[in-house]
Amino acid sequence: VQESDRMFMRDASDYFLGKYKLELPDEFLKRWIQKSSENPVTPEQVEEDYKNYSQSLKWQLITNEMIKKFDLKLEEGELLEEAKALLIKNYKSYGYPAPADEELIETAQRVLQNNDERKKLVDGIFDRKIMTHLKENMKLSEKEVSFDKFVELAKK
């Protein structure tokens, strides 16, 4: 299910990027990337990675518009629950039981004070909300395929 959701969002991204042909100030962005990068970047490196960067930026612009258009909201409680779920998953991956709820809440609140971690969690929640909205409002046709067929489809 997780992999098919990932493939659904890849296909949705391709669809919307094709439908809305956004133009970016490419030369400006290439110069900006080169000048603002933490580590030195050559013009050749920027050129090599620019297509992925521009596609990512365009998709971000589209999803930001979807969030507004679909009136998607995020409550602080959702963010805390997301941080707690991430912590529980991490504890389990190391073979440890999750701590008591009070300790889990304290740790989750500390995680949310880190702006980078907070942004990742917010982005993840909105990604799921967008996917749910699209699945509920698009005509989808589901079909069951073998694992090998799924891998073949995913490689396209």
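Start by selecting Glu82, which sits in helix H4. Helices here are DSSP runs of H or I with at least four residues, numbered from the N terminus. This is a predicted model, in which local features need pLDDT of at least 70 and side-chain atom pairs count only at pLDDT 80 or more, while totals for chains, interfaces and linings use all residues. Residues are numbered from 1 along each chain as its sequence is written, and side-chain values use heavy atoms, with hydrogens and water left out.

**Stop 1: Glu82**

Is Glu82 buried or exposed? Glu82 is buried, at a relative accessible area of 18%. Buried means under 20% relative accessible area, exposed means over 50%, and partly exposed lies in between (1.4 Å probe, protein chains only). Now show its contacts, meaning heavy atoms within 4.5 Å. Beyond neighbours within four places in sequence, Glu82 is in contact with Leu121, Ile125 and Arg128.

**Stop 2: helix H6**

Select residues 115-137, helix H6. H6 has 23 residues and spans 32 Å from its first C-alpha to its last. That is close to the 33 Å expected at 1.5 Å a residue, where the expected span is 1.5 Å times one less than the number of residues.

Go to the start of H6. A side-chain oxygen of Asn114 comes within 2.9 Å of the backbone nitrogen of Asp116.

Next, colour the buried residues of H6: Leu121, Val122, Ile125, Phe126, Ile130, Met131 and Leu134. What covers them? The cover includes H1, helix H3 (43-69), helix H4 (76-93) and helix H5 (101-113).

Pick Thr132, also in H6. Thr132 is partly exposed, with 39% relative accessibility. Draw a distance from its C-alpha to that of Asp5: 9.8 Å, across 127 residues of chain.

**Stop 3: H1 against H6**

Axes are lines fitted to C-alpha atoms, for helices over the stretch in contact, and angles run from 0 to 180 degrees between N-to-C directions. The pair is therefore roughly perpendicular. Angles of 65 to 115 degrees count as such, under 35 as roughly parallel, over 145 as roughly antiparallel and the rest as oblique.

Show the side chains at the contact. From H1 come Asp5, Phe8, Met9, Ala12 and Phe16, and from H6 come Ile130, Met131, Leu134 and Lys135. These residues divide into seven nonpolar, no polar and two charged. Ala, Val, Leu, Ile, Met, Phe, Trp, Tyr, Cys and Pro count as nonpolar, Asp, Glu, Lys and Arg as charged, and the others, Gly among them, as polar.

**Stop 4: Met7**

Stay in H1 and select Met7. Met7 is buried, at 17% relative accessible area. Which residues does Met7 touch, not counting those up to four places away in sequence? Phe150, Leu153 and Ala154. For scale, the C-alpha atoms of Met7 and Arg110 are 33 Å apart.

**Stop 5: two loops**

Move to Met138, in the loop between H6 and helix H7 (147-155). Met138 is partly exposed, with a relative accessible area of 29%. From Met138 to Lys51, the C-alpha distance is 28 Å.

Finish at Asp71, in the loop between H3 and H4. Check its phi: near 55 degrees, a positive value in a residue other than glycine. Most residues other than glycine have a negative phi.

Methods
Polar contact = N/O pair within 3.5 Å; in protein donor to acceptor, adjacent residues only side chain to side chain.
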